Amino acid sequence: MSEQTHMINKDRKVELNQVDEVMNRMAPEQKDDILEQFETFKQYLKKRVSLGESLGLNEEQLTLVAEKVAEMLSKNEEPRNREEKLLQELWNAANNEQQHALAHVLVKFVKN
(Lines give C-alpha, C1' and ligand atoms only; values in the text may rest on other atoms or scores of the structure.)
Protein backbone atom coordinates (compact mmCIF):
# COMPACT_ATOMS: atom_id res chain seq x y z
CA MET A 1 0.00 0.00 0.00
CA SER A 2 1.16 3.50 -0.65
CA GLU A 3 1.88 6.01 2.05
CA GLN A 4 -1.32 7.84 1.13
CA THR A 5 -3.41 4.93 2.44
CA HIS A 6 -1.94 4.99 5.95
CA MET A 7 -2.47 7.34 8.87
CA ILE A 8 1.23 7.38 9.81
CA ASN A 9 3.76 8.67 7.31
CA LYS A 10 7.40 7.63 6.96
CA ASP A 11 8.44 10.39 9.41
CA ARG A 12 6.16 8.82 12.05
CA LYS A 13 3.74 11.72 11.89
CA VAL A 14 0.02 11.13 12.06
CA GLU A 15 -1.90 12.17 8.96
CA LEU A 16 -5.28 13.00 10.48
CA ASN A 17 -6.76 13.60 7.05
CA GLN A 18 -6.28 9.87 6.38
CA VAL A 19 -8.33 8.73 9.40
CA ASP A 20 -11.63 9.01 7.51
CA GLU A 21 -10.23 7.05 4.57
CA VAL A 22 -8.90 4.28 6.80
CA MET A 23 -12.20 4.01 8.68
CA ASN A 24 -14.22 4.07 5.46
CA ARG A 25 -12.29 1.06 4.15
CA MET A 26 -13.59 -1.05 7.03
CA ALA A 27 -16.27 -3.53 5.95
CA PRO A 28 -19.71 -2.75 7.44
CA GLU A 29 -19.86 -6.23 8.99
CA GLN A 30 -16.51 -5.67 10.72
CA LYS A 31 -17.66 -2.29 12.03
CA ASP A 32 -20.89 -3.87 13.33
CA ASP A 33 -18.93 -6.63 15.07
CA ILE A 34 -16.69 -4.07 16.77
CA LEU A 35 -19.45 -1.68 17.83
CA GLU A 36 -22.09 -4.22 18.90
CA GLN A 37 -20.59 -4.95 22.34
CA PHE A 38 -18.81 -2.24 24.33
CA GLU A 39 -16.17 -4.67 25.60
CA THR A 40 -15.33 -5.65 22.01
CA PHE A 41 -15.12 -1.96 21.07
CA LYS A 42 -12.82 -1.32 24.03
CA GLN A 43 -10.56 -4.25 23.11
CA TYR A 44 -10.38 -3.06 19.50
CA LEU A 45 -9.33 0.41 20.66
CA LYS A 46 -6.79 -1.09 23.05
CA LYS A 47 -5.18 -3.04 20.20
CA ARG A 48 -5.05 0.08 18.02
CA VAL A 49 -3.51 2.16 20.82
CA SER A 50 -0.90 -0.57 21.40
CA LEU A 51 -0.16 -0.66 17.69
CA GLY A 52 0.23 3.12 17.61
CA GLU A 53 2.61 2.98 20.56
CA SER A 54 4.66 0.25 18.90
CA LEU A 55 4.94 2.51 15.84
CA GLY A 56 6.32 5.28 18.04
CA LEU A 57 3.25 7.47 18.52
CA ASN A 58 3.18 9.47 21.72
CA GLU A 59 0.10 10.02 23.85
CA GLU A 60 -0.76 13.34 22.19
CA GLN A 61 -0.64 11.77 18.72
CA LEU A 62 -2.81 8.88 19.91
CA THR A 63 -5.23 11.38 21.41
CA LEU A 64 -5.50 13.32 18.15
CA VAL A 65 -6.38 10.11 16.31
CA ALA A 66 -8.89 9.16 19.04
CA GLU A 67 -10.42 12.61 18.76
CA LYS A 68 -10.82 12.28 14.99
CA VAL A 69 -12.32 8.78 15.30
CA ALA A 70 -14.70 9.88 18.06
CA GLU A 71 -15.88 12.80 15.93
CA MET A 72 -16.49 10.53 12.96
CA LEU A 73 -18.35 7.94 15.06
CA SER A 74 -20.43 10.64 16.71
CA LYS A 75 -21.55 12.00 13.35
CA ASN A 76 -21.90 8.76 11.36
CA GLU A 77 -22.75 5.86 13.67
CA GLU A 78 -25.70 5.14 15.89
CA PRO A 79 -24.68 3.89 19.35
CA ARG A 80 -25.28 0.16 19.68
CA ASN A 81 -25.28 0.01 23.48
CA ARG A 82 -25.73 2.28 26.48
CA GLU A 83 -22.01 2.87 26.97
CA GLU A 84 -21.61 4.12 23.41
CA LYS A 85 -24.74 6.24 23.85
CA LEU A 86 -23.23 7.86 26.95
CA LEU A 87 -19.94 8.51 25.16
CA GLN A 88 -21.80 10.06 22.22
CA GLU A 89 -23.85 12.31 24.51
CA LEU A 90 -20.74 13.42 26.43
CA TRP A 91 -18.92 14.07 23.15
CA ASN A 92 -21.77 16.09 21.69
CA ALA A 93 -22.21 18.15 24.88
CA ALA A 94 -18.50 19.03 25.09
CA ASN A 95 -16.69 21.94 23.47
CA ASN A 96 -13.46 21.34 21.49
CA GLU A 97 -11.21 21.58 24.53
CA GLN A 98 -13.39 19.17 26.50
CA GLN A 99 -13.54 16.76 23.55
CA HIS A 100 -9.74 16.76 23.42
CA ALA A 101 -9.62 16.00 27.16
CA LEU A 102 -12.20 13.23 26.70
CA ALA A 103 -10.09 11.72 23.91
CA HIS A 104 -7.10 11.72 26.32
CA VAL A 105 -9.25 9.93 28.89
CA LEU A 106 -10.40 7.36 26.33
CA VAL A 107 -6.81 6.56 25.34
CA LYS A 108 -5.85 6.10 29.00
CA PHE A 109 -9.04 4.12 29.66
CA VAL A 110 -8.31 1.50 27.03
CA LYS A 111 -4.65 1.23 28.05
CA ASN A 112 -5.62 0.14 31.58
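1. The side chains of Ser74 and Asn92 form a polar contact at 2.6 Å. This is read from a predicted model. Ser74 lies in helix α4. Its other contacts, leaving out residues up to four places away in sequence, can be listed briefly: Ser74 touches Gln88 and Trp91 as well as Asn92. Ser74 counts as buried because its relative accessibility, 15%, falls under the 20% limit.

2. Lys85 sits in helix α5. Between Lys85 and Ser74 there are 11 residues of sequence separation and 9.4 Å of space, C-alpha to C-alpha. Is Lys85 buried or exposed, or partly exposed? With a relative accessibility of 39%, Lys85 is classed as partly exposed, whereas Ser74, at 15%, is classed as buried.

3. As to the overall fold, the chain contains six helices and zero strands. The chain has 112 residues, and 33% of them count as buried. Among contacts with a separation of 6 or more, 62% are between residues 24 or more positions apart. The accessible surface of the chain is about 7400 Å², and carbon and sulfur atoms account for 51% of that surface.

4. The largest nonpolar core has 19 residues. Those touching the most other members are Met23, Phe41, Val49, Leu62, Val69, Leu73 and Val107. Which elements give two or more residues to this core? They are α1 (19–24), α2 (28–36), α3 (38–54), α4 (59–76) and α6 (96–111). The most comes from α4, which gives six residues. In soluble globular proteins, nonpolar side chains tend to be buried together.

5. Leu73 deserves a separate entry. Leu73 is one of the core residues that touch the most other members. Not counting residues up to four places away in sequence, Leu73 is in contact with Met23, Leu35, Phe41 and Gln88. Gln88 is also touched by Ser74.

6. The next point concerns the packing of two helices. Helix α5, residues 82–93, packs against α6 at an angle of about 150°, and the axes are 8 Å apart. On the α5 side the contact involves Leu87, Leu90, Trp91 and Ala93. On the α6 side it involves Gln98, Gln99, Leu102, Ala103 and Leu106. By type, the residues of this contact are seven nonpolar, two polar and no charged.

7. Gln99 belongs to helix α6 and is among the residues of α6 that meet α5. What is the relative accessibility of Gln99, and how is Gln99 classed? The value is 9%, so Gln99 counts as buried. Apart from neighbours within four places in sequence, Gln99 contacts Glu71, Trp91 and Ala94. Trp91 is also touched by Ser74.

8. A last pair involves helix α3, where Ser50 is placed. Ser50 is partly exposed, at a relative accessible area of 38%. Ser50 and Leu62 are separated by 12 residues in sequence and by 9.8 Å in space, C-alpha to C-alpha. Leu62 is among the residues of the largest nonpolar core that touch the most other members.

Note on methods. Residues are numbered from 1 along each chain as its sequence is written. This is a predicted model: local features need pLDDT of at least 70, side-chain atom pairs count only at pLDDT 80 or more; totals for chains, interfaces and linings use all residues. Side-chain values use heavy atoms; hydrogens and water are left out. A nonpolar core is a set of buried Ala, Val, Leu, Ile, Met, Phe, Trp, Tyr and Cys residues joined through side-chain atoms within 4.5 Å. Buried means under 20% relative accessible area, exposed over 50%, partly exposed in between (1.4 Å probe, protein chains only). Helices (H or I, at least four residues) and strands (E, at least two) are DSSP runs, numbered from the N terminus. Contact means heavy atoms within 4.5 Å. Accessible areas come from the Shrake-Rupley method with a 1.4 Å probe; for residues, only the protein chains shown count as cover. A polar contact is a pair of N or O atoms within 3.5 Å; within protein, one must be able to donate a hydrogen and the other to accept it, and residues adjacent in sequence count only if both atoms are side-chain atoms. Axes are lines fitted to C-alpha atoms, for helices over the stretch in contact, and angles run from 0 to 180 degrees between N-to-C directions. Ala, Val, Leu, Ile, Met, Phe, Trp, Tyr, Cys and Pro count as nonpolar, Asp, Glu, Lys and Arg as charged, and the others, Gly among them, as polar.
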